[in-house]
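I opened the model to look up how its strands pair. My notes follow.

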Amino acid sequence: MNKKIALKLSASIAILIVTFVSVVGLAYAVFSSNDSSSLTGAAGTIDGVLHEEFPDSDAFGADVTEKIVWIENKGNKRAYVRVAFETAIEWLDESVSPATWKPAAIPAEQVQYTVNAPLWIDGKDGYWYYSKVLLPGEDTTKIYIQDVKLTGDIDSFYQDKDLRFVFDVKMELSQATHEAYKQNFQISDLPAGVERL
C-alpha cells in the first residue's frame with residue numbers, strides 16, 4: 001500500500017514538474033518573441049510634442065488674450081497632425097481656503113476667439129489639420145488663438161467674481177503613409193488642401 005501511495009505521489013510530482021517546465025518554456029517563448037528592438041525600429045515611431053505660450057492674465061474685458069500653439073514631430077516617421085480646441089470658463093471661489101477655481105455655468109459658446117493659422121485647414125469636423133506632412137524633427141507653423149473674449153450676458157452670480165478662460169488644445173498625430181489616418185483619425189478622407197502622399 002505504501003508503494004501505491006509513493007508511486008501515485010511520484011507520478012503526481014512528475015506531472016507537476018512537466019507542467020511547470022512546459023508553462024515556463026511557453027511563457028519564455030511568448031515573452032522573448034515579442035520583445036524585439038528590431039521590430040520596434042522597423043515600425044518607427046509617431047511622437048508629437050505640443051508647445052504652447054499663454055499669458056498669465058486671467059482677466060476678461062478690454063484686455064486681448066492670446067494663446068500660441070505648435071506641434072513638434074519627435075518621432076522618426078512622417079506624420080499628419082490635427083488639433084481640436086476645447087473651451088471653458090472658471091470662477092474663483094474665495095469662500096473656501098485656499099481659494100479654488102471652479103467650473104462656471106457659462107456656456108462655452110459665449111467664449112469667442114479668432115484662429116490665425118497659416119498652413120492649417122479648418123476640417124469643419126471640430127479639428128484643424130496641418131496642410132503639410134510633418135517630417136521627423138520639424139515643427140508645424142504656429143496657431144494663434146486671438147481676441148479671446150466673453151460675449152453676451154452672464155448670470156448675475158458671476159458679475160463680481162474673478163473669471164478665467166480655460167483653453168485646452170487636443171493634439172493628434174497619425175502615420176502619413178498607408179492611409180493610416182483613416183483608422184487613427186476615424187475619417188474617410190483628409191480635408192481638401194491637406195498634402196497627400
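**Strand β3 and its partners**

I started with the pairing of β3 and strand β9 (residues 163-175): 13 bridges join them, and they run antiparallel. I counted two strands as paired if DSSP finds at least two bridges between them. In β9, I found Val169 as the bridge partner of Phe85.

I noted that this is a predicted model, where local features need pLDDT of at least 70, side-chain atom pairs count only at pLDDT 80 or more, and totals for chains, interfaces and linings use all residues. Residues are numbered from 1 along each chain as its sequence is written, and side-chain values use heavy atoms, without hydrogens and water.

Next I checked β7 (residues 128-130). Two bridges join this strand to β3, again antiparallel. Arg82 stands opposite Tyr129 there.

Then I looked at β4 (residues 100-103). Four bridges join β4 to β3, and the two run antiparallel. Leu92 faces Trp101 across this pairing as its opposite residue. β3 and β4 form a hairpin, with six residues between them.

How many residues of β3 are buried? I found twelve of the 15 in residues 79-93, so the strand is mostly covered (buried: under 20% relative accessible area, 1.4 Å probe, protein chains only).

**Whole chain**

I listed three helices and nine strands, taken as DSSP runs (helices H or I, at least four residues; strands E, at least two) numbered from the N terminus. The order is α-α-β-β-β-β-β-β-β-β-β-α. Of the 197 residues, 30% count as buried.

I also looked up contacts (heavy atoms within 4.5 Å). Among those with a separation of 6 or more, 72% come from residues 24 or more positions apart.

Definitions and conventions
Buried means under 20% relative accessible area, exposed over 50%, partly exposed in between (1.4 Å probe, protein chains only).
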